[in-house]
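This report is written for a reader who is new to the structure shown below. Please keep the sequence and the model in view while reading.

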Amino acid sequence: MKKPERDAFVGFYDNGTYRVGCSGATVYVFDRDGNERGRFRDFPYAYHATFMPGRNIIAVKSTGNALGFYDLDSMTLLKRHRMAFNGCQDDGFAFSPDGTRFYNIERVKTSLRTQLCVFETEGFTKICTLFADDVNMVLADIEIDPETGVPYLLGFMHDPEKGFPDHRFIAILDESAHKIADPRTISKADYDRLSGFKDWERAGFTEKASRFNFAIRDIEPILLLAAEHKLSSDSLKKLLPPMDRNAVRPVSIKELYEAYGSPAR
């Protein structure tokens with residue numbers, strides 16, 4: 001029997017009412033006292049999830065091509081979506097702070113084509129798909145400012161002739177205009193550090209997730225990221241030793257966006 005402990009799973013999440021552990025084949029649900037309430041096995045490779053703000057609803061994303069929304073009070077699958085590419089789907093996703101929108105970065109046709117899908121959360125239907133026609137822009141992560149509701153995107157522009165990224169960027173999502181706004185070019189080192197850290201954050205800072213995350217196997221680059229850009233993330237030091245992971249406040253995409261200071265040319 002699985003225990004409701006962070007390092008028993010690849011992905012682990014706790015909203016104060018429920019604890020959810022994702023092992024890949026199974027999503028385990030525990031109550032606040034650690035009693036198992038049930039399990040979901042609706043699709044394989046389910047390693048990552050996130051809670052809807054203010055609700056006992058959780059989104060679970062498979063690295064295959066499935067996305068599911070669950071009501072943990074009733075222990076029911078509310079909606080399942082099949083993504084556009086039957087390959088690795090391990091990029092960012094997030095609820096809006098008010099819980100009315102869900103954003104998912106989805107790979108399309110190949111690992112170097114992405115789109116951003118936006119869902120409403122009354123019935124979890126897709127309301128729009130952004131950037132599907134931009135064959136050169138590859139999105140990796142999305143983060144939404146909890147105070148302003150502004151979405152920030154992390155990604156890179158792919159040069160098909162050279163066969164590798166032309167430059168890496170952070171930008172604001174202008175949802176109403178269906179475009180990115182004020183993109184800021186960042187260094188490869190900062191991109192690698194930040195994307196590795198956000199991957200680990202997406203898994204709930206579990207020990208198992210860190211084993212497969214080359215960017216954070218040595219935590220020093222993450223500490224350097226905070227130091228070099230004077231980010232307000234002193235608690236990152238508490239990542240050493242790993243027992244203090246619960247106290248970490250991660251570097252945010254917004255912080256690095258503001259640290260770079262001026263739009264890319």
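## Helix H1

In H1, Asp190, Tyr191, Arg193, Leu194, Ser195, Gly196, Phe197, Lys198, Trp200 and Arg202 are buried, where buried stands for under 20% relative accessible area, exposed for over 50% and partly exposed for values in between, computed with a 1.4 Å probe on protein chains only. The model is a predicted one, in which local features need pLDDT of at least 70 and side-chain atom pairs count only at pLDDT 80 or more, while totals for chains, interfaces and linings use all residues. Residues are numbered from 1 along each chain as its sequence is written, and side-chain values use heavy atoms, with hydrogens and water left out.

After H1 comes Gly204, which has a positive phi near 85°.

## H1 against H4

Helix H4 is formed by residues 253-260, and its axis comes within 11 Å of the axis of H1, the two crossing at roughly 160°; axes here are lines fitted to C-alpha atoms, for helices over the stretch in contact, with angles from 0 to 180 degrees between N-to-C directions. H1 is therefore roughly antiparallel to H4, a label given to angles over 145 degrees, whereas those under 35 count as roughly parallel, 65 to 115 as roughly perpendicular and the rest as oblique. The contact, meaning heavy atoms within 4.5 Å, is made by Asp190, Leu194 and Lys198 on the H1 side and by Ile253, Leu256 and Tyr260 on the H4 side.

## The sheet of E5 to E8

Four strands make up an open sheet in the order E5-E6-E7-E8, with antiparallel pairing, and two strands are taken to pair if DSSP finds at least two bridges between them. Strand E5 (46-51) and strand E8 (76-82) stand at the edges with a single partner strand each, so one side of each has no neighbour in the sheet. On average, and with direction ignored, neighbouring strands of this sheet are turned by 20° against each other.

E5 is joined to strand E6 (residues 57-62) by 5 bridges, and the two run antiparallel; the bridge partner of Thr50 in E6 is Ala59. Arg82 lies in strand E8 and counts as exposed because its relative accessibility is 66%. Although Arg82 and Asn65 are 17 residues apart in sequence, their C-alpha atoms are 5.7 Å apart in space.

## Two hairpins around E11

Strand E10 (residues 101-108) and strand E11 (residues 110-120) run antiparallel and are joined by 8 bridges, with Thr110 of E11 as the bridge partner of Val108. Their hairpin has 1 residue between the strands, and Lys109 takes a positive phi near 70° there.

E11 is also joined to strand E12 (residues 126-130), by 4 bridges and in an antiparallel arrangement, and Leu116 stands opposite Leu130 in E12. The hairpin of E11 and E12 has 5 residues between its strands, and Phe124 in the turn has a positive phi of about 55°.

## The chain as a whole

There are 4 helices and 16 strands in the chain, where helices (H or I, at least four residues) and strands (E, at least two) are DSSP runs numbered from the N terminus. The chain has 265 residues, of which 52% count as buried. Of the contacts in the chain with a separation of 6 or more, 43% come from residues 24 or more positions apart.
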